[in-house]
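Here is a short briefing on one protein chain. Keep the sequence and the 3D view open while you read.

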Amino acid sequence: MDTDAVWVEDMPASYDRLLGPALFAPFGRELADRAVALRPARVLEVAAGTGIVTRALCTALPEARLLATDLNPAMAARGAAGVPEARWAVADALALPVADGRADLVVCSFGAMFFPDRPAAFAETGRVLAPGGTALFTIWDVVDRSTLPAALHRAVAAVVPDDPPDFVARVPHGYADPERIAGDLAAGGLDARLETVRLAGETPSVAALAEGFVRGTPLRAALGRHGELPDMVRAVAGRMTAELGEGAVRGELTAHVVTARAA
Ligand SMILES: C[S@@+](CC[C@H](N)C(=O)[O-])C[C@H]1O[C@@H](n2cnc3c(N)ncnc32)[C@H](O)[C@@H]1O
């Protein structure tokens, strides 16, 4: 597996606890609100991670049957423990464990950037959608349009100036061009509408957010090559705190929200 898409060991716990409430929960609520209006009975979540959006979907759609899937067993295990109301399975977005036409709604929050073949993943989404069904995706815009990840990216560059790991700008924020996304959706046979949405993200502590990025994302492997992880956490947290201040910080988060149907 590409190391840019690997979450192992204690990474899911750091992701879930330190990054989830600030960066992913706001868009989870946005997706759950949109899901309610669609009144789906059978929901499939792809790249569900630790279940941040799954939890919001279960609350918003108490009558729906929800299957949550993720490629990394450690992420799915954390999700299954925290959101037992859903069924969970380990699955690649390119080979979903669902028969043709069985999902009224497919939700994929911040997963598409990690897929090795996006048109194939969108085609797989279309395969499992029921006639008239809908898919909702969120995809980060470029890193400079999200305050907290942008500060993290600058902090990493300052801590490792000779060979700065570019994971955050290149991967989660590197699939941001609406024309490219629209082209891949069309190539996968989906008829899609894309909106760029700005929401607020809030962390109770900039240092905790820095720790979440360093310990809870694939940035960890790249930074681990430059020093001991506790030292990296301290250095990145110090830079971010110097820029944003101590304690609670609120920042803008910008992402594309895609609503798609089989063409
Ligand atoms: C940034 S996390 C998003 C998790 C969750 N949807 C959320 O909003 O918190 C990206 C997720 O994509 C998953 N992932 C990466 N490549 C995948 C693939 N090919 N198929 C399914 N999931 C994948 C990772 O394991 C990880 O859980």
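A nonpolar core is a set of buried Ala, Val, Leu, Ile, Met, Phe, Trp, Tyr and Cys residues joined through C-beta atoms within 7 Å. The model discussed here is predicted. Its largest nonpolar core has 88 residues. The largest share of this core, eleven residues, comes from helix α1.

**Overall build**

- The protein chain holds ten helices and seven strands.
- Its radius of gyration is 18 Å, close to the 18 Å from the globule rule for 263 residues, so the chain is as compact as a globular protein of that length.
- Along the principal axes, the C-alpha atoms fill a box of roughly 50 × 35 × 30 Å.
- Of the 263 residues, 51% are buried.
- Take the contacts with a separation of 6 or more: residues 24 or more positions apart account for 77% of them.

**The core**

- Which residues have the most contacts inside the largest core? They are Val106, Val107, Leu152, Ala210, Val236 and Met240.
- Leu152 touches Val168, Ala210, Phe213 and Met240, leaving aside residues up to four places away in sequence.
- Two of those partners, Ala210 and Met240, are also on the list of residues with the most core contacts.
- Helix α1, the source of eleven core residues, spans residues 11-38.

**The sheet**

- Seven strands form an open sheet with mixed pairing. Their order is β3-β2-β1-β4-β5-β7-β6.
- Which strands stand at the edges? They are β3 (87-90) and β6 (190-203). Each has a single partner strand, so one side of each is left without a neighbour in the sheet.
- From one strand to the next, the twist averages 20°.
- Strands of a sheet pair through backbone hydrogen bonds, either parallel or antiparallel.
- Strand β5 (residues 129-140) and strand β7 (residues 249-262) pair in the antiparallel sense, over six bridges.
- Leu136 stands opposite Thr259 in β7.

**Ala235 and its setting**

- Ala235 lies in helix α10, which covers residues 229-244.
- Is Ala235 buried or exposed? A residue counts as buried if 20 or more other C-beta atoms lie within 10 Å of its own. Ala235 has 20 such atoms within 10 Å, so Ala235 is buried.
- Ala235 and Leu136 are 99 residues apart in sequence. In space, their C-alpha atoms are 37 Å apart.

Note on methods. Residues are numbered from 1 along each chain as its sequence is written. This is a predicted model: local features need pLDDT of at least 70, side-chain atom pairs count only at pLDDT 80 or more; totals for chains, interfaces and linings use all residues. A residue is buried if 20 or more other C-beta atoms lie within 10 Å of its own, exposed if 12 or fewer, and partly exposed in between; C-beta atoms are placed from the backbone. Helices (H or I, at least four residues) and strands (E, at least two) are DSSP runs, numbered from the N terminus. Two residues are in contact if their C-beta atoms, placed from the backbone, lie within 7 Å. Two strands pair if DSSP finds at least two bridges between them. Axes are lines fitted to C-alpha atoms, for helices over the stretch in contact, and angles run from 0 to 180 degrees between N-to-C directions. The radius of gyration is taken over C-alpha atoms; the globule rule is 2.2 Å times the number of residues to the power 0.38.
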